[in-house]
Amino acid sequence: MRKPLVAALFALVIAGAGAAPAVAAPAPESAPAHGSASGVTADTRAPALKAVSLAGTVALSNCSGSVVRFPNSADTDPALVLSNGHCLETGFPEPGEVIVGQSSSRTFGLLNSAGTKVATLRASKVAYSTMTDTDITIYQLTSTYATIRNSYGISALTVQNTHPTAGSAITVASGYWKKLYNCNVDGFVYRLKEGDWTWKDSVRYTSACNTIGGTSGSPVVDQATGKVVAVNNTGNEDGERCTVNNPCEVDASGNVTVRQGINYAEETYQIPACFTTGNKLNLAASGCVLPKP
């Protein structure tokens, strides 16, 4: 995960706690950067489809996220927010750790297409969180999809239940910075290793998606379908090999590749199979391959 741009104190905290990814943002949720707090800026190096915007994204205290639903979710189901495992408010999950059903009252600033905050949503619990094999936290909210849409005119983003495609045009939509990054899926990484953590089958971006601290947890949206195919989580900052803030690629033969300045995301197509009727987590469901406690 990406280290904040201004992170001296945060880096000291991490150093004291042991190796840990860092994509938390350096400023409070309301702080403007890369444009005004009420406006949205876009990376100009690649065109974005008009269908992809900030609508449905959320700003966390230190990260980005989005209100998501699955292909079988109902409007009356409690809504879910997707972010990174390393954005969890109680700290980074340890390698091998899976958190299920943890109490949470965390709040999220819900944005419209223009990047304007239209509501504050609240979690009822952490439905699922891990940094093993992937890097995700899924919060269950106190509001349903229907309530959010009827009250604020915002619909949830749908998580695609099929593997993303190499070369496809994507948008990384950061609710924290109110910024869109447009690029393509450059390829997939057998294993992505950063510090003590290892992720499987990660998405590698082309260089135009130069994401920064605070973009952690941003949905990665396929521009052709408008669906979420991954969640943004890290990048190699300094060219170091497999260290914190400097993930390395490891192929099936164990060969290591370092790509300084290149950023990555974790796929999300595996998640829908683990949520059944009523958006209830069922890690024993057929087809669910997420790590279990």
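**Helix α2 and its surroundings**

In helix α2, which spans residues 145-152, the residues Tyr145, Ala146 and Ile148 are buried. When the helix is viewed down its axis, the buried residues of α2 fall within an arc of 165°, so they line one face of the helix. The model is a predicted one, and the points below should be read with that in mind.

- Just after α2 comes Gly153, which takes a positive phi of about 70°.

**Salt bridges in the whole structure**

- Side chains of opposite charge can pair when their charged atoms come close.
- Seven salt bridges are found when the whole structure is searched, and among them are the pairs described below.

**The pair Arg69 and Asp75**

- Arg69 and Asp75 form a salt bridge in which the closest N and O atoms are 3.0 Å apart.
- Arg69 counts as buried because its relative accessible area, 15%, is under 20%, whereas Asp75 is partly exposed, with a relative accessible area of 32%.

**The pair Asp186 and Arg204**

- A salt bridge joins Asp186 to Arg204, with 2.8 Å between the closest N and O atoms.
- Asp186 belongs to strand β11 (residues 179-194) and Arg204 to strand β12 (residues 197-205), so the pair ties together parts that lie 18 residues apart in sequence.
- Asp186 is partly exposed, at 39% relative accessibility, while Arg204 is buried, with a relative accessible area of 10%.

**The pair Glu249 and Arg259**

- The side chains of Glu249 and Arg259 also meet in a salt bridge, at 2.8 Å from N to O.
- This pair links distant parts of the chain, ten residues apart, since Glu249 sits in strand β15 (residues 248-250) and Arg259 in the loop between β16 (256-257) and β17 (263-267).
- Glu249 is buried, with a relative accessible area of 7%, whereas Arg259 is partly exposed, with a relative accessible area of 30%.

**How the pairs are connected**

- Which residues are linked in a network of salt bridges? The network consists of Asp186, Arg204, Glu249 and Arg259.

Terms used:
Residues numbered from 1 in each chain as written. Predicted model: local features only at pLDDT ≥ 70, side-chain atom pairs only at ≥ 80, totals over all residues. Heavy atoms only, no water. Salt bridge = Lys/Arg side-chain N within 4 Å of Asp/Glu carboxyl O. Buried < 20%, exposed > 50% of the residue type's maximum accessible area, 1.4 Å probe, protein only. Helix = DSSP H or I, 4+ residues; strand = E, 2+ residues; numbered from the N terminus. Arc of directions from axis to C-beta.
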